[in-house]
Amino acid sequence: MNKRKIKKKIEIETLEEEKSDIKFCTECGEILEDFSVSDQAKNPDAVIENFHNCKKVGRFKGDVCSKMFIISPPSEESD
């Protein structure tokens, strides 16, 4: 049983290390402050379209779009 707990602890530490290396794009600026409760966050298709537009124009800077991260469902790995 101890081996299983140790393995999970190592996996969690590895995941935390990987998360710290992620750079989120924050080019949207002030819009991000209340984005999660806005009507725009309820429309994933519009967020995806905005993300693709940012990439096409060259405004996307980072590894992950902050808006895409906000609307994505929480992962089950956090349990």
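The model is predicted: local features need pLDDT of at least 70, side-chain atom pairs count only at pLDDT 80 or more, and totals for chains, interfaces and linings use all residues. Residues are numbered from 1 along each chain as its sequence is written, and side-chain values use heavy atoms, without hydrogens or water.

**Aromatic pairs**
- The whole structure holds 2 aromatic pairs (ring centres of Phe, Tyr or the six-membered ring of Trp within 6.5 Å).
- Phenylalanine 51 and phenylalanine 60 have ring centres 5.2 Å apart and planes at 90 degrees, so the pair is edge-to-face (over 60 degrees; under 30 is stacked, the rest tilted).
- Phenylalanine 51 and phenylalanine 60 are both buried (under 20% relative accessible area, with a 1.4 Å probe and protein chains only).

**Cavity**
- There is 1 cavity of 30 Å³ or more (a set of points on a 1 Å grid where a 1.4 Å probe fits but cannot get out).
- The largest cavity has about 60 Å³ of space, counted as the space filled by probe spheres set on the points.
- Its lining (an atom within 4 Å of a point) includes Cys25, Leu32, Phe60 and Ser66.
- The lining residues of the largest cavity divide into 6 nonpolar, 1 polar and 3 charged.

**Serine 66**
- Serine 66 sits in helix 3, residues 66-71 (a DSSP run of H or I, at least four residues).
- Serine 66 is buried, at 9% relative accessible area.
- The serine 66 side chain reaches the backbone oxygen of cysteine 25 at 2.5 Å.
- Leaving aside neighbours within four places in sequence, serine 66 is in contact (heavy atoms within 4.5 Å) with Phe24, Cys25, Thr26 and Leu32.

How values were computed: Buried means under 20% relative accessible area, exposed over 50%, partly exposed in between (1.4 Å probe, protein chains only). On a 1 Å grid over the protein atoms alone, a cavity is a set of points where a 1.4 Å probe fits but cannot get out, and a pocket is an open set with protein on both sides within 12 Å along at least five of seven lines; lining residues have an atom within 4 Å of a point. Ala, Val, Leu, Ile, Met, Phe, Trp, Tyr, Cys and Pro count as nonpolar, Asp, Glu, Lys and Arg as charged, and the others, Gly among them, as polar. Helices (H or I, at least four residues) and strands (E, at least two) are DSSP runs, numbered from the N terminus. A polar contact is a pair of N or O atoms within 3.5 Å; within protein, one must be able to donate a hydrogen and the other to accept it, and residues adjacent in sequence count only if both atoms are side-chain atoms.
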